[in-house]
Amino acid sequence: MNYSCIIIEDQPDVAQFLAQYLIASGRYSIMGMAHDMDTGRSLLASVEPDLILLDVYFPNGNGLDLLSELRTKSIKSDIMLLTAAREVHILERAMQLGICDFLVKPILIPRLEQALSNFESRQQQLADVSELTQSVVDTVLKPTSAGSGTKGTPRLPKGVDSLTLEKIRTVFRSDNQQSLTAQKVGDVVGVSRSTARRYLEFLLESGELCVDHTYGTIGRPERCYRLGKTDE
């Protein structure tokens, strides 16, 4: 399924990174980007996307005010808040206004992917049911944040299944010195590059893999993954 998205973020480089990542996943269409509140309001006056990625601080306003306006207008879009702010009251207010997730900058790829997977899972669960039951409610509202699950057995995020994860681990265990790109891992395991990267970033975040950057023939940096921990 393809989801529509609008990005309202005052830093063009951050907005571009998010747009490129979402497009590369093959699961999202970017309906527009705005770097200020007024442009964001204009976009949302004509388009109601499935998902809005919304910054908090803008030179001409506050994203929480825009979020409040959208809820007053009964816009149904799910909204993920993006911020470098550390004030607890911002999270409290955002939760009151019904955000679907809250991402603290700098945004980590595994955490972004987890947020997107959670959003997609909720969308699919609601689309697949014809009537509300307690089981449906519990499934949709159950916590899926990082680190949840029983001690010593972290719950895998949506979009990461144990069978494929073990196949990718096996690729690296067969030669623990090898350094592989997401494309190479995808070719070996039989999944797409974007899918392989989702699993590799999960293993990177969990500390099983580390990453190096190499430069190809056109000078573009490429991430290569290998067993071990990244030097700090």
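**View 1. F17, a partly exposed ring.** With a relative accessible area of 33%, F17 counts as partly exposed (between the cut-offs for buried, under 20%, and exposed, over 50%, using a 1.4 Å probe and protein chains only). This is a predicted model, in which local features need pLDDT of at least 70, side-chain atom pairs count only at pLDDT 80 or more, and totals for chains, interfaces and linings use all residues. Residues are numbered from 1 along each chain as its sequence is written, and side-chain values use heavy atoms, leaving out hydrogens and water.

**View 2. Four aromatic pairs, and the one formed by Y3 and F119.** Searching the whole structure turns up four aromatic pairs (rings of Phe, Tyr and Trp, the last by its six-membered ring, with centres within 6.5 Å; planes under 30 degrees apart are stacked, over 60 edge-to-face, the rest tilted). One of them joins Y3 and F119 edge-to-face, 5.2 Å centre to centre with 65° between the planes. Because Y3 sits in strand β1 (residues 3–8) and F119 in helix α5 (residues 109–127), this pair ties together parts 116 residues apart in sequence (helices, H or I, of at least four residues and strands, E, of at least two are DSSP runs, numbered from the N terminus). Y3 is buried at 1% relative accessibility, and F119 is buried at 0%.

View 3. Y21 is buried, at 16% relative accessibility.

**View 4. A cluster of rings.** Here, ring pairs link Y3, Y28 and F119.
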